[in-house]
Every structure is written in C-alpha cells, then in structure tokens.
Amino acid sequence: AFCTAADESALSGTRDSLVCRFAEIWSRCGEGPYFLGQSFNMVDAAFAPVFRYLDVFDKIEDFKFFSKMPKVQAWRRALGSRESVKRAVGHDYGDKLLSFLVVRNSALSAVIAA
C-alpha cells in the first residue's frame, strides 16, 4: 500500500500504519542481534526483504519508520549486514526498485521525482 498510495494523504496514512505495525514488532523483539536473540531464524528471513525495501525508501526520503524503535533499527542493521541477505539480490536491486516505483505513478513516485 505504501508503494501504491494514490496521494500524499494515503502515503502518510500507510506510513503511519507501518510505524504502528513495527511498534508492535518492537515490543516483541529480543535482545538481538536477531529477532529472537543470537540465532538467525525464520522471522529474520521473512523480514530481511521488508527491510531491504525500506533501505531503498530511506534513499528517497527519511520516512521515520523506526525513529523511536532502536531495537528494530539494530535488528534491521544486523540483518542487512548478513552475507546471505546481501547476496539474496543483485547489486542493482535498489536501482531496479526505484525504476519500478517511478513508473507506478503513485504518491511515492512523485516524492522520487521531486
């Protein structure tokens, strides 16, 4: 929904919804570096692609998804630094995602164009 929001209001609303969802996840995060602690698990594998998207969004603008969630920020960094996560996509992943987002003709597309 964040990628396809039709206008700025919808984009802001979906951002707020994501922040609420991540706040719920934050409340369940272990002490890290991964979701449940020291071992990489299925929850981590499921969220690594989500965080990869958000890494690209961060290049567009600071949407402040995790500004008040240091455990989620640390978890995100830990996942992003894993070789298996890095190698899961090509080196041009971010550029391809940005190109895809631009042609969506969404509110996010407008932010990218600006």
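View 1. Helix H2, residues 42-60, contains 19 residues and spans 29 Å from its first C-alpha to its last, close to the 27 Å expected at 1.5 Å a residue; the expected span of a helix is 1.5 Å times one less than its number of residues, and helices are DSSP runs of H or I with at least four residues, numbered from the N terminus. The model is predicted, so local features need pLDDT of at least 70 and side-chain atom pairs count only at pLDDT 80 or more, whereas totals for chains, interfaces and linings use all residues. Residues are numbered from 1 along each chain as its sequence is written, and side-chain values use heavy atoms, with hydrogens and water left out. The N-terminal end of H2 is capped by asparagine 41, a side-chain oxygen of which lies 2.7 Å from the backbone nitrogen of valine 43. Further along H2, a kink of about 30° lies at alanine 48, shortly before proline 49; the bend at a residue is the angle between axes fitted to the seven residues ending there and the seven starting there.

**View 2. The buried residues of H2 and the helices around them.** In H2 the buried residues are Asp44, Ala48, Phe51, Arg52, Leu54, Val56, Phe57 and Ile60, where buried means under 20% relative accessible area, exposed means over 50% and partly exposed lies in between, with a 1.4 Å probe and protein chains only. These buried residues pack against helix H1 (8-26), helix H3 (70-81), helix H4 (83-86), helix H5 (93-102) and helix H6 (107-113).

**View 3. The crossing of H2 and H5.** H2 packs against H5 at an angle of about 70°, and their axes are 10 Å apart; axes are lines fitted to C-alpha atoms, for helices over the stretch in contact, and angles run from 0 to 180 degrees between N-to-C directions. The two helices H2 and H5 are therefore roughly perpendicular to each other, a term for angles of 65 to 115 degrees, while those under 35 count as roughly parallel, those over 145 as roughly antiparallel and the rest as oblique. Arg52, Tyr53, Val56, Phe57 and Ile60 of H2 make the contact with Tyr93, Gly94, Leu97, Leu98 and Leu101 of H5, contact meaning heavy atoms within 4.5 Å.

View 4. The axes of H2 and H3 are 9 Å apart, and the two helices pack at an angle of about 95°, so H2 and H3 are roughly perpendicular to each other. On the H2 side, Val43, Asp44, Phe47, Ala48, Phe51, Leu54, Asp55 and Asp58 meet Val72, Trp75, Arg76 and Leu79 in H3. The axes of H1 and H3 come within 9 Å and cross at roughly 90°, and H1 and H3 are therefore roughly perpendicular to each other. Here Phe22, Ile25 and Trp26 in H1 meet Pro70, Lys71, Val72 and Trp75 in H3.

**View 5. The loop between H1 and H2.** Glutamate 31 lies in the loop between H1 and H2 and is exposed, with a relative accessible area of 74%. The C-alpha atoms of glutamate 31 and aspartate 44 are separated by 14 Å, the two residues being 13 residues apart along the chain.

View 6. Phenylalanine 63 is found in the loop between H2 and H3 and is buried, with a relative accessible area of 7%. Not counting residues up to four places away in sequence, phenylalanine 63 touches Phe2, Leu11, Arg15, Phe57, Leu108 and Val111. Lysine 64 lies in the loop between H2 and H3, where it has a positive phi of about 55° although it is not a glycine, and at 47% relative accessibility lysine 64 counts as partly exposed.

**View 7. Asparagine 105 in the loop between H5 and H6.** Asparagine 105 is found in the loop between H5 and H6 and has a positive phi of about 55° although it is not a glycine. At 70% relative accessibility, asparagine 105 counts as exposed.

Technical notes. Polar contact = N/O pair within 3.5 Å; in protein donor to acceptor, adjacent residues only side chain to side chain.
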